[in-house]
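Visitor: I would like to go through the salt bridges and a helix contact in this structure. Please show it first.

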Amino acid sequence: MSNLIANTATYVSSLLKKLQVKQFLAVVLVGFLLLTTNIDSGSNNKALGKQINEIAHDTDSVRPKTTREWYQEKRETENSPGERLERIGKESAKAFEEFGSGYIEGAKQTANQAKEAAKEITP
């Protein structure tokens with residue numbers, strides 16, 4: 001009986017040593033990867049910010065697209081609620097117009113794809 005306990009203790013001890021070695025190797029590997037990989041490559045990319053700004057302003061709309069532009073418009077019309085409501089109405093109409101045109105184009109493309117798929121199915 002004591003031989004079984006001793007063998008079990010030896011087995012558990014060797015298993016723990018193996019696990020510690022595996023854990024150590026895993027930590028070393030992760031550390032090596034973190035130190036050798038350039039994680040910070042995107043934060044200094046000024047072209048990316050410019051590209052995102054161009055995408056945000058891809059249409060020639062006069063309505064604000066960014067939070068900064070919304071706050072600027074709010075400051076400009078702070079003392080004139082009538083002008084603010086007028087701008088909101090115009091901007092909402094323009095937004096619905098832009099959304100509607102995109103929706104219509106998407107619906108046309110989907111219909112064309114459905115027609116093509118139907119042509120392939122029917123002999």
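Guide: This is a predicted model. A place to start is Glu 86, which forms a salt bridge with Lys 90.

Visitor: How far apart are the closest N and O atoms of Glu 86 and Lys 90?

Guide: Glu 86 and Lys 90 both lie in helix H4. They are four residues apart, about one turn of the helix. The closest N and O atoms of this salt bridge are separated by 3.2 Å.

Visitor: Which residue forms a salt bridge with Arg 84?

Guide: Arg 84 is in helix H4, and the pair links distant parts of the chain, with the partner eleven residues away in helix H3. Both residues of the pair are buried. The closest N and O atoms are 2.2 Å apart, and the partner is Glu 73.

Visitor: Glu 73 also forms a salt bridge with Arg 87. Is Arg 87 buried, partly exposed or exposed?

Guide: In this salt bridge the closest N and O atoms are 3.9 Å apart, and the cut-off is within 4 Å. Glu 73 in helix H3 and Arg 87 in helix H4 are 14 residues apart. Glu 73 is buried, at 7% relative accessible area. Arg 87 has a relative accessible area of 25%, which lies between the limits of 20% and 50%, so Arg 87 is partly exposed.

Visitor: Which residues are linked in a network of salt bridges?

Guide: By the distance rule, the count comes to five salt bridges. Glu 73 takes part in one with Arg 84 and in another with Arg 87. The linked residues are Glu 73, Glu 76, Glu 83, Arg 84 and Arg 87.

Visitor: At what angle do helix H3 and helix H4 pack?

Guide: Two packed helices are described by an angle and a distance between their axes. Helix H3 covers residues 67-76 and helix H4 covers residues 81-121, with the axes 10 Å apart. H3 passes H4 in a right-handed crossing. The angle is about 145°.

Visitor: How many charged residues does the contact of H3 with H4 have?

Guide: H3 contributes Trp 70, Glu 73 and Glu 76, while H4 contributes Arg 84, Arg 87 and Glu 91. By class, one residue is nonpolar and none is polar. The number of charged residues is five.

Conventions: Residues are numbered from 1 along each chain as its sequence is written. This is a predicted model: local features need pLDDT of at least 70, side-chain atom pairs count only at pLDDT 80 or more; totals for chains, interfaces and linings use all residues. Side-chain values use heavy atoms; hydrogens and water are left out. Axes are lines fitted to C-alpha atoms, for helices over the stretch in contact, and angles run from 0 to 180 degrees between N-to-C directions. Helices (H or I, at least four residues) and strands (E, at least two) are DSSP runs, numbered from the N terminus. A crossing is left-handed if the near helix is turned anticlockwise from the far one by less than a right angle, and right-handed if clockwise. Contact means heavy atoms within 4.5 Å. Ala, Val, Leu, Ile, Met, Phe, Trp, Tyr, Cys and Pro count as nonpolar, Asp, Glu, Lys and Arg as charged, and the others, Gly among them, as polar. A salt bridge is a side-chain nitrogen of Lys or Arg within 4 Å of a carboxyl oxygen of Asp or Glu. Buried means under 20% relative accessible area, exposed over 50%, partly exposed in between (1.4 Å probe, protein chains only).
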